[in-house]
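Here is a quick briefing on how some chains of this assembly meet. Have a look at the model first, then read on.

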Protein chains: 6
Amino acid sequence: MPFAQIYLIEGRSEEQKRAVIETVTQALSESTGAPKENVRVWIHDVPKTNWGIAGKTAKDLGR
Amino acid sequence: MPFAQIYLIEGRSEEQKRAVIETVTQALSESTGAPKENVRVWIHDVPKTNWGIAGKTAKDLGR
Amino acid sequence: MPFAQIYLIEGRSEEQKRAVIETVTQALSESTGAPKENVRVWIHDVPKTNWGIAGKTAKDLGR
Amino acid sequence: MPFAQIYLIEGRSEEQKRAVIETVTQALSESTGAPKENVRVWIHDVPKTNWGIAGKTAKDLGR
Amino acid sequence: MPFAQIYLIEGRSEEQKRAVIETVTQALSESTGAPKENVRVWIHDVPKTNWGIAGKTAKDLGR
Amino acid sequence: MPFAQIYLIEGRSEEQKRAVIETVTQALSESTGAPKENVRVWIHDVPKTNWGIAGKTAKDLGR
């Protein structure tokens, strides 16, 4: 029963998140042999003010 | 000092979340012997577009 | 589909962890109305050297 | 900078975990457009005594 | 490559979150010897209705 | 009540982990204004076989 928690910087479209869920589910099913039915994936949209890269926020870095 | 992180699909009322916190705290206190004062619980509301079940979003599945 | 991640200081017996899983599952089912079949719970055993309370490790505090 | 945390029931081989990392990284890169260089993935091996499905441990269920 | 996930009760200003990211990155770099460039930090703002202390929500406790 | 979850590649000494807990607690207290007594930190030691950087394991990369 593979589970995945995904962290993305905010701003992905619903279509991109759907693609994340489809492709990560497929990847986990293939790599572990678990049926796709058993895979669960959930995404956290992280605001740019809340994401720190090398001590700076993604917002301050212009990401 | 038991801690719990709870993931729920968005849409739960404040009253339901209060009940989650009360009952999970009680469950952890009883099952581990830790005093309720030491238990911490926090809930993540996961949007339907961000939750994947068997490769589909909860939104697309009509959950 | 409520999920719970539980963090406990290492040293709980298998019996205690079974009780955590049973009671937290029951608590989440009752408080959200989700069937028990849909609840998933997983426990992290955190070593005493890895758990910090007010800046000290649980080991140094004699927990 | 997509990150993924993966939870698997213990017992996967090193080869399977390598495959999880490769395929999930590929999946995240393709679905978000981020370069593979920016993707980070880490796996938690969850003991069978610590994983609860519908209120039972994976060990008790014979998984 | 030290990573940190931070959980704060909602309501911190952007300036405070910037300070969290700067100081936690510095702390992780100093304590582990990893270069600051390799440190990643992300913050979850937890709503007061979603944070449980000793079985009560932070909102009900007036935090 | 700031909480921090820290992910480190396995192999840090107990002394380094104590330093992580001390300095991160101090950093969170200073940056948020919360008393040190309210800060909790826990560390996950991630095996080199379980940590993926750009699609390769830390072990394969010789980290």
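Where in chain D is the place of D:Asn50? D:Asn50 sits in the loop between β2 (40-46) and β3 of chain D, with helices (H or I, at least four residues) and strands (E, at least two) taken as DSSP runs numbered from the N terminus.

Some ground rules: this is a predicted model, where local features need pLDDT of at least 70 and side-chain atom pairs count only at pLDDT 80 or more, while totals for chains, interfaces and linings use all residues. Residues are numbered from 1 along each chain as its sequence is written, chains are lettered from A and ligands numbered from 1 in the order in which they are written, and side-chain values use heavy atoms, with hydrogens and water left out.

**D:Asn50 up close**

- D:Asn50 counts as buried, at 1% relative accessibility (buried means under 20% relative accessible area, exposed over 50%, partly exposed in between, with a 1.4 Å probe and protein chains only).
- Its side chain has a polar contact of 2.9 Å with the side chain of C:Asp45, and another with the side chain of D:Thr49 (2.9 Å).
- A polar contact here is a pair of N or O atoms within 3.5 Å; within protein, one must be able to donate a hydrogen and the other to accept it, and residues adjacent in sequence count only if both atoms are side-chain atoms.
- Neighbours within four places in sequence aside, D:Asn50 is in contact (heavy atoms within 4.5 Å) with C:Lys17, C:Ile21, C:Val41, C:Trp42, C:Ile43 and C:Asp45.

**Chain C against chain D**

- Chain C brings 16 residues to this contact and chain D brings 14 residues.
- Together they bury about 1300 Å², with 52% of it on carbon and sulfur atoms; buried area is the accessible area (1.4 Å probe) that two parts lose on being put together, summed over both.
- C:Glu14, C:Ile21 and C:Trp42 supply 37% of what chain C buries against chain D, more than any other three residues.
- There are 2 salt bridges between the chains, where a salt bridge is a side-chain nitrogen of Lys or Arg within 4 Å of a carboxyl oxygen of Asp or Glu.
- One salt bridge links the side chains of D:Lys59 and C:Glu14 (2.9 Å, N to O).
- On the chain C side, α1 (14-32) and β2 (40-46) each supply at least two residues.
- That side divides into 5 nonpolar, 3 polar and 8 charged residues (Ala, Val, Leu, Ile, Met, Phe, Trp, Tyr, Cys and Pro count as nonpolar, Asp, Glu, Lys and Arg as charged, and the others, Gly among them, as polar).
- β2(C) runs antiparallel to strand β3 (residues 51-53) of chain D, joined by 3 bridges; strands pair if DSSP finds at least two bridges between them.
- Within that pairing, C:Val41 stands opposite D:Gly52.

**Chain A against chain D**

- Here 19 residues of chain A touch 19 residues of chain D, burying about 1900 Å², 63% of it from carbon and sulfur atoms.
- This interface has 0 salt bridges, but 11 residue pairs in polar contact (both at pLDDT 80 or more).
- α1(A) gives the most to the chain A side, with 9 residues.
- The chain A side splits into 13 nonpolar, 5 polar and 1 charged.
- β1(A) pairs with strand β1 (residues 3-9) of chain D, antiparallel over 5 bridges, and A:Ala4 stands opposite D:Ile6.

- No contact joins chain C and chain E, whose closest C-alpha atoms lie 13 Å apart.
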